[in-house]
Amino acid sequence: MSGALNVLMREVAGCELCPRLREHCREVAEVKRRAYLDWEYWGKPVPSFGDAKARVLIIGLAPGAHGSNRTGRMFTGDRSGDFLYRALCETGFASQAESVSRRDGLKLTGAYITAAAHCAPPGNKPSPEELRNCRPYLEREIDLLREVRVVVALGKLAFDTYLGILKDSGVIESRSGFPFAHDVEHRVGGMVLISSYHPSQQNTSTGKLTAEMLRRVFERAARLSGG
């Protein structure tokens, strides 16, 4: 990761802007889940992860309470991450299909993973104010990731957050012309935005999102990004 991105991620990890989220993350880290009693939880805002020269930017919702909030790396340590990293590995973006800890050796090539919110929210639902507090970090990441050609938004909230940035920066006039649906390609501001269902357990366990469906999203992203 570049020096400027490293500085930004240190800011993220030290952020205290949202008292409700910080209290929740710390409480989860202290109480823990029985299966992870021997873990020292991260319990802080989770930094983004990936290749500073990425051509594909992946935006998720927020860290999982016992996933990223435990491990300290985006989409690491829970079933959502299992689903995502398998797809990324199969499409050449990830060095391995499993992500269990931030020290497991996994590397991303050509991809960078961030989120609309960097703290695990109660019920997986950050408030509008909390999303507004976190959005400047994403805006700065977008400015620093100069080689990105494709943005993959995992879930409608991530999709709306990215469109909101484009609208407020004058790239688009309205979000209404960009309906959310799975594996749909939008051309906007010289970039390609791909909307995708989020690999949440709710979506994957019900079959709303299958491994093949998610793999196709990243096959498309690789092709459109020149990867």
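**Pockets and a cavity in a predicted model**

Good morning. In the second largest pocket, 16 residues form the lining, and Ile142, Tyr162, Leu166, Val171 and Met191 are those nearest its centre. Please bear in mind throughout that this is a predicted model. The volume of this second largest pocket is about 280 Å³. Its lining comprises 11 nonpolar, 2 polar and 3 charged residues. Helices H5 and H6 each contribute at least two residues to that lining.

I turn now to the largest pocket. Its volume is about 950 Å³, and 33 residues line it. Nearest the centre of the largest pocket lie Ser80, Asn124, His198, Ser200 and Gln201. What is the division of its lining by residue class? There are 12 nonpolar, 15 polar and 6 charged residues in the lining of the largest pocket. At least two lining residues come from each of helix H4 (79-90), helix H6 (156-168) and helix H7 (201-205). Of these, H7 gives the most, with 3 residues.

The largest cavity holds about 90 Å³ of space. Which residues lie nearest its centre? They are Cys15, Cys18, His118, Cys119 and Cys134, from a lining of 14 residues. Helix H2 (19-31) and helix H5 (128-144) are the elements that give two or more residues to this lining. H5 gives the most to the lining of the largest cavity, namely 4 residues. By class, the lining of the largest cavity has 9 nonpolar, 2 polar and 3 charged residues.

To close, I return to H5: this helix supplies residues to the lining of the largest cavity and also to that of the second largest pocket. Thank you.

Key:
Residues are numbered from 1 along each chain as its sequence is written. This is a predicted model: local features need pLDDT of at least 70, side-chain atom pairs count only at pLDDT 80 or more; totals for chains, interfaces and linings use all residues. Side-chain values use heavy atoms; hydrogens and water are left out. On a 1 Å grid over the protein atoms alone, a cavity is a set of points where a 1.4 Å probe fits but cannot get out, and a pocket is an open set with protein on both sides within 12 Å along at least five of seven lines; lining residues have an atom within 4 Å of a point. Grid points are joined across faces, edges and corners, and a volume is the space filled by probe spheres set on the points. Ala, Val, Leu, Ile, Met, Phe, Trp, Tyr, Cys and Pro count as nonpolar, Asp, Glu, Lys and Arg as charged, and the others, Gly among them, as polar.
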